[in-house]
Amino acid sequence: MVNGHALSRDRLADALARFEPRIVDPTNRRSAAVVIAVMNDGADGQAVPLTMRPSKMRAHPGQFALPGGGVDPGETGEDAARRELHEELGLDVEPSAVLGRLDDYVTRSGYVITPFVVWSDQPITSLVPNREEVAEVFSVGVPEIDAEPRFVEIPESSKPVIQWPFRRHLVHAPTGAVVYQFREVALHGRHTRIDGFDQPVFAWR
């Protein structure tokens, strides 16, 4: 288990600089970006915000998610990630706060999701969620990020479904896969790939 001081900015930036992310051609797919925002947990450590989507939302209601959304025309993925972080949680970060990115993840619904890792010295308690897009914000500490995932075989796919255990829940891909790769790269220096992990059948539409 890695302690809460493992996510220093210098250590994290170094780990991401040594990682070569896999990039997927978005042709005939929709581009989206999500953010792993590493923030001050208020107790001399770091934490990452995880949101729960409102139950009234059309897409993926009531599910856990990282801040993020679709890339608008004329935007880069990095720009979209920073914009979504502001729109959903009221957090503004400069381009220099983006420390790196992880592998693109292709969803069953036709999205190419690019995860970006940003650093902020702001306390996670300072976030102001937009209630139109965020029902609840969870502060996820390093020990929770470092939880061992589950890999479940399903008859509908040759790939296992990944399940990241978070408190009393199981978080599936893409969110669970992105958190798992962040854990592998940032905490353990392992360049584990996530394109071999599927989503559960209920998320295929």
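Predicted model: local features only at pLDDT ≥ 70, side-chain atom pairs only at ≥ 80, totals over all residues.
Colleague: Why is Gln-181 called buried?

Modeller: Buried means under 20% relative accessible area, and Gln-181 has a relative accessible area of 0%, so Gln-181 is counted as buried. Gln-181 lies in helix 4, and, leaving aside residues up to four places away in sequence, Gln-181 touches Phe-19, Leu-102, Asp-103, Thr-192, Arg-193 and Ile-194.

Colleague: What makes the pairing of Gln-181 and Asp-103 a polar contact?

Modeller: The cut-off for a pair of N or O atoms is 3.5 Å, and the side chains of Gln-181 and Asp-103 are joined at 2.8 Å, which lies within 3.5 Å.

Colleague: Why does Asp-104 count as buried, and which contacts does its side chain make?

Modeller: The relative accessibility of Asp-104 is 7%, and the limit is under 20%, so Asp-104 falls in the buried class. Asp-104 lies in the loop between strand 5 (98-101) and strand 6 (105-106), where the side chain of Asp-104 reaches the backbone nitrogen of Val-24 at 2.8 Å and makes a polar contact of 2.6 Å with the side chain of Thr-114.

Colleague: What makes the lining of the largest cavity nonpolar, polar or charged?

Modeller: The lining consists of Ile-36, Val-48, Leu-50, Leu-66, Val-140, Ile-145, Trp-164, Val-179 and Phe-182; Val, Leu, Ile, Phe and Trp count as nonpolar, so the lining has nine nonpolar, no polar and no charged residues.

Colleague: How many residues of each class line the second largest pocket?

Modeller: The second largest pocket holds about 190 Å³ of space, and of the 14 residues that line this pocket, the closest to its centre are Tyr-105, Val-106, Lys-159, Asp-195 and Phe-197. The lining of the second largest pocket has five nonpolar, two polar and seven charged residues; among the residues closest to the centre, Lys-159 and Asp-195 belong to types that count as charged.

Conventions: Residues numbered from 1 in each chain as written. Heavy atoms only, no water. 1 Å grid on protein atoms, 1.4 Å probe; cavity = no way out; pocket = protein on both sides within 12 Å on 5 of 7 lines; lining within 4 Å. Points joined across faces, edges and corners; volume = space filled by probe spheres on them. Helix = DSSP H or I, 4+ residues; strand = E, 2+ residues; numbered from the N terminus. Buried < 20%, exposed > 50% of the residue type's maximum accessible area, 1.4 Å probe, protein only. Polar contact = N/O pair within 3.5 Å; in protein donor to acceptor, adjacent residues only side chain to side chain. Contact = heavy atoms within 4.5 Å.
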